Amino acid sequence: MRALSARRLVFALVASLGILAVAGVRLAETGTEVRETRFVFGTLVEIVIRGESAAAAREAAAEAGALLQTLHHDWHAWRPGHLGDLNAAIAAGRPAEIDARFAEVLREGRRLACASGGLFEPAIGGLVALWGFHDDTPPEGAPPSSAAIDALVAAEPRMAALSIEGTTARAENTALQLDLGGFAKGAALDLAGRALQARGIEDAVLNAGGDVNVLGSHSARPWRIAIRDPFVWGAVAAVSLRPGEVLYTSGNYERYFEHGGTRFAHIIDPRTGYPVREIVSVSVLGTSGLRADAAATALSVAGREHFAATAAAMGVSAVLMIAEDGEIIATPAMMARLEPVGEALPAEITVTPLPEPAPSVACAAG
Ligand code: AMP
Ligand code: MG
């Protein structure tokens, strides 16, 4: 526990240094590299563009950074914005007009919630708020009462109850409160990456505190990204990302509070209304930030027993999972991509194959 507290302090220090560094926007140029940094989605997001004309790279980086800032505002879970407006309309039983980009993200969220069997469930904003995670700083004090938790679970907030016709969204269930925290970062980095590509950028990385989308390569070598060790300050392994790949990690060490010797983390099991305990970290390698981000959250909930089936159903195959007892589990597709950081890979990694996805489950995006 003492080690965990110390680590939390280091994270807090790193985070606050990050905030100081980006009071406003930092744009730096190092040789053939242009960087832009923003503090959005609760983390420091760095865009690095390589090997382009400096002027073109600066413009593209600024545009992608501004887009991230807009999406951060529009989709924020507890500050005023488009999501707040939609949640207010849902609570009042009214339809709401939303923009096409937001509608598309919500449709994808609904499809992935269905594919995950309800383990990834962006409609549980009421529960996330009840646990105190709708704040810039982690909550303190006692957890909410079991009666309050049970009442929200019994109200069955589900993305399935959200209907989107064109750009009109409505929900039958007024208990539905949307929180895009489980996949907004991935959705936003996908859009920012596309904005860079539309400006002709070929080689770039968008790094949101270890959640990463890459375009092209670093130079002659690929972009190489470390996967953080959730127990000690360091990395468990690294992955060299191919052009267009993404790597997302969900961890219960990111946002949590402790009370009475128990840790309550920000990933909540929608079936029980309580935070996930068994899994401390899940990393997903793929080609869509939105999907990898959603899947990393879902697999944290699924746990050791169900993660493989859930991954297959959500359309991801490369997964690394670390349990609270220290067990490290990888799918064959992830195992093939892990590279040691330092001497060697961790000595024991349990390799678990994925089943075929169940063909009968149809989760339409429409
Ligand atoms: P991530 O770090 O991507 O796993 O996202 C965690 C965030 O997603 C939390 O801070 C909540 O805002 C939200 N969240 C928590 N539990 C879930 C869940 N079961 N499904 C979807 N989103 C969740
Ligand atoms: Mg996620």
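Q: What volume does the largest cavity have?
A: This is a predicted model, in which local features need pLDDT of at least 70, side-chain atom pairs count only at pLDDT 80 or more, and totals for chains, interfaces and linings use all residues. Residues are numbered from 1 along each chain as its sequence is written, ligands are numbered from 1 in the order in which they are written, and side-chain values use heavy atoms, with hydrogens and water left out. A cavity is a set of points, on a 1 Å grid over the protein atoms alone, where a 1.4 Å probe fits but cannot get out, and a volume is the space filled by probe spheres set on the points, which are joined across faces, edges and corners. The largest cavity has a volume of about 30 Å³.

Q: Which protein residues supply the donors of the magnesium ion (ligand 2)?
A: Donors are N, O and S atoms within 2.8 Å of the metal (3.2 Å for Na, K and Ca); water is not among the atoms, so sites may look incomplete. Along the chain, the donors follow the spacing G-x110-D-x3-T. Lying 2.1 to 2.3 Å from the ion, they belong to Gly-182 (O), Asp-293 (O and OD) and Thr-297 (OG1).

Q: Are Asp-293 and Thr-297 buried or exposed?
A: Both residues lie in helix H8 (residues 289-314), four residues apart; helices are DSSP runs (H or I, at least four residues), numbered from the N terminus. Buried means under 20% relative accessible area and exposed over 50% (1.4 Å probe, protein chains only). Asp-293 and Thr-297 are both buried.

Q: How far is a polar side-chain atom of Thr-297 from an oxygen atom of ligand 1?
A: Thr-297 is among the residues that come nearest to ligand 1. For His-266, an N or O atom in the side chain is 2.8 Å from an oxygen atom of ligand 1. For Thr-297, the distance is 2.7 Å.

Notes
1 Å grid on protein atoms, 1.4 Å probe; cavity = no way out; pocket = protein on both sides within 12 Å on 5 of 7 lines; lining within 4 Å. Helix = DSSP H or I, 4+ residues; strand = E, 2+ residues; numbered from the N terminus. Near = heavy atom within 4 Å. Polar contact = N/O pair within 3.5 Å; in protein donor to acceptor, adjacent residues only side chain to side chain.
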